[in-house]
Structure formats: structure tokens, C-alpha cells
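Welcome to this short tour. Please open the structure in your viewer and keep the selection tool at hand.

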Amino acid sequence: MSNKIKIADTDVEFTIADRDTILRAALRDGIPISYECNSGGCGSCKIDVVEGQVETLWGEAPGLSPRDKRKSRKLACQCLASGPVTIKAQLTDNKLPEIRPSRRQVQYVGRRDLTSDMAEFSFQAEEPALFLPGQYAMLTVPGIEGDRAYSMSNVSNDSGRWQFIIKRMPGGKASNWLFDELKPGGMIEIDGPFGLAYLHPEIQRDVVCIAGGSGLSPVMSIVRAITGDPRFSERKVHLFYGGRTPQDLCTSELLSEIEPLNTKAKVICKTAVSDHQSAEKEKWEGPCCYIHELAEQTLGDHMMEFEYYFCGPPPLTEAVQRMLMIDHKVPFDRIHFDRFF
């Protein structure tokens, strides 16, 4: 079954197929509806339903404020169409990537543990794995309501390999299932790629990547892409990664595996821990601060010279935004991130 979705006061319309939300259907058709997280948290894809009926998947999604709910606003990422629908939606000027999202079945082929609660999971598809460095996919976890967004940690490839650095979250149904229940050979569904915080190789500035926790996943995809792309020859990428304790840091192993291909791009990695007690107990000799603070201390008066990509827990991404946009007046078009909650 499929239904037509029209955007009021425009000539734009698209078809929504069974199982697709309004947002996913729009993105598959190249319609640039405003969005970021695709999972109900950020509120970027708010719409008004003008005509027709929709089914809301997650009525308590935090992306809607009490005022939004009083005005009967919806989230395009949480709405299924019950028939033809006309909506009011914000269309952006951003050009969507040429790689359109699509669903596929992938086979779990194993994982490698990076820390006590974080691992890089590998899945194999029959067709090429096509995405841009920094993008994410939506994983359908059996028996758990609602898809989960996970960023790819590898780069686009013809062999069909999809990799994700995933952190086990306390009480997290999806992450606990992936760590405890998923067995090699098991099949799950991946829908993607999504996300607008992807690497822009045409931009000539050196790159700064800032990450915490499993935010390392899209950052590693970007670092791996830069070191394999001759367009970044002679360029530098500064990688800042933070953990709560020294045991949470795993960049050394990942970076040691990188063999630059046809490029002299240089990766400069700095790490920090935020828990002073753990740092003292484990005799940590490196910086003990929040990772955005280390980035600021390191880059100093040169903050305006870089292109920024960052990902991590909401407090980190909010702190990085404030630091760049308010404290250092870095232009917004040099700042790339997707909000996840």
C-alpha cells in the first residue's frame, strides 16, 4: 500500500510506502524536509497536518514541547500516513546527498570489544554499502519497539560491510540486545544512510573532530575516509576523544590500524578523561578535563581556521556548540553535527 503526501503551499508531493514514516518517505524521494536525529528527539522535523489522518508511533517523543502538543503539531519521523495527507513542513536549502536511504537485510558477522562497554559491530549485506563518512543508519532490533540510530564507523565500500561502534547503555534495550542476544549469522534490518553531518572533501580547511562515548563511530568514519582520500593530501585532522575514565579510551588501537592510502594527511589525536578520582587511581598522566576544553586549550587562537565535526552525548554536543559559536564565533556552516537524545 502507498499514499500520496502533499506539502501545503508548494508543488511538492511524494509517495509514502507501507512501514515508512513521512520523513523517511520524503528523504527517499529527495525531498529536503528539515531533520537531524530521525528518532523523535531533536524536534527538527515538526509538521502540521492540514488534511488527512496520521498514526503517531511515539506520542511522548521529547522532540515535541507541551506547546507543540497543544497546537497538535507532529514529528515527521514519528508519523505513518493512514491515507492521503497534506502537511505543512519546513523545507531546507540543503542539498540532500545523492545516496538515498533504503532498507536491507544484513547478517551479523561479529564484533570486537574496544572497552568494557563499547564494541565495533560488523554486518554483511549482499549489495555495496554506500554512505558518506559521518552518516548513520536506523537499525531494527527484533522485539524492541522503535528503530535505533547508529553511526557507521567504516567507510563506503563495494563489499557490503557495515560497521558501527556501539556503547552498551545502562537499561538500553537495543544496545543490551545487540551485546547479549545477537549471534553471528543472525539477520537484522538496516535502513539508511541518513544524516547531514557528513564529511565535505571539497572544503580546503584542516579538520577538527571532537567525540565522546560512541560518538567515536562517525568520527572514525571521517578519519578513515580522510586518510584514504587523495583530496586531503598534506592536510591535518585533529581528533579529540574524551572518556570518563582511562579505561574508556580506545583510539590508539583504532588509529594504529590506519594505513594512509595515496595521501599524506596527518592525524593528530589527543585524549582526556573527566573523572579525577579514576584518573588518580589509574595513574593517568594525560589531561583531566572535558574533551571540548582540551580542544580549546590546544587550538587556542586558531579556532576559526578549521572545519568541525563532532558527536557524543547531548551535554558534550551542546558544550561544543557554545564553545564554537558563542565563545569563538566560528561560522555555523563550518560546524557539522546531528543532534541525538
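A residue counts as buried when its relative accessible area is under 20%, as exposed when it is over 50%, and as partly exposed in between. Keep in mind that you are looking at a predicted model.

**Stop 1: a residue on a helix**

Start by selecting Glu318. Is Glu318 buried, partly exposed or exposed? Its relative accessible area is 36%, so Glu318 is partly exposed. Now show the helix around it: Glu318 sits in helix 8, which covers residues 314-327. Glu318 and Arg339 are 21 residues apart along the chain, and their C-alpha atoms are separated by 9.1 Å.

**Stop 2: the sheet beside the helix**

Next, switch to a cartoon view and find the open sheet of 5 strands, whose order is 16-15-14-17-18 with parallel pairing. At its edges are strand 16 (266-273) and strand 18, each of which pairs on one side only.

Turn the view to see what packs on this sheet. Helix 7 (residues 291-299) touches strand 14, strand 15, strand 16 and strand 17, and its direction makes about 145° with that of strand 15. Helix 8 lies across strand 14, strand 17 and strand 18, and runs at about 160° to strand 17.

Now select strand 14 (residues 207-212) and strand 15 (residues 236-243). These two run parallel and are joined by 6 bridges. For one example, click on Gly212, which stands opposite Gly242 in strand 15.

**Stop 3: strand 17**

Select residues 307-311, which make up strand 17. How many of the residues of strand 17 are buried? The count is 5 of the 5, so the strand is largely enclosed by the rest of the structure.

Look along the strand's neighbours next. Strand 17 pairs with strand 14 in the parallel sense over 5 bridges, and with strand 18 (residues 335-336), also parallel, over 2 bridges. Tyr309 is a handy landmark here: it is the bridge partner of Cys209, and it stands opposite His336 in strand 18.

Now follow the chain with your eye from strand 17 through helix 8 to strand 18. Together, these three make a right-handed β-α-β unit.

**Stop 4: aromatic rings**

For the last stop, show the side chains of the aromatic residues. A pair of aromatic rings is described by the distance of the centres and the angle of the planes. How many aromatic pairs are there in this model? The count comes to 8.

Select Tyr136 and Phe194, a tilted pair with 6.2 Å centre to centre and 35° between the planes. Tyr136 lies in strand 10 (residues 136-140) and Phe194 in strand 13 (residues 187-194), so the pair ties together parts that are 58 residues apart in sequence. Tyr136 is buried, with a relative accessible area of 1%, and Phe194 is buried with a value of 1% as well.

Move on to Phe306 and Tyr308, an edge-to-face pair with 6.3 Å centre to centre and 75° between the planes. Both of these residues, Phe306 and Tyr308, are buried. Finally, select Tyr108, Phe121, Phe123, Phe164 and Phe179, which ring pairs link into a cluster.

Key: Residues numbered from 1 in each chain as written. Predicted model: local features only at pLDDT ≥ 70, side-chain atom pairs only at ≥ 80, totals over all residues. Heavy atoms only, no water. Helix = DSSP H or I, 4+ residues; strand = E, 2+ residues; numbered from the N terminus. Buried < 20%, exposed > 50% of the residue type's maximum accessible area, 1.4 Å probe, protein only. Pairing = 2+ DSSP bridges. Right-handed = clockwise from strand over helix to strand, strands pointing away. Phe/Tyr/Trp six-rings, centres within 6.5 Å; stacked < 30°, edge-to-face > 60°. Contact = heavy atoms within 4.5 Å. Axes fitted to C-alpha atoms, helices over the stretch in contact; angles between N-to-C directions.
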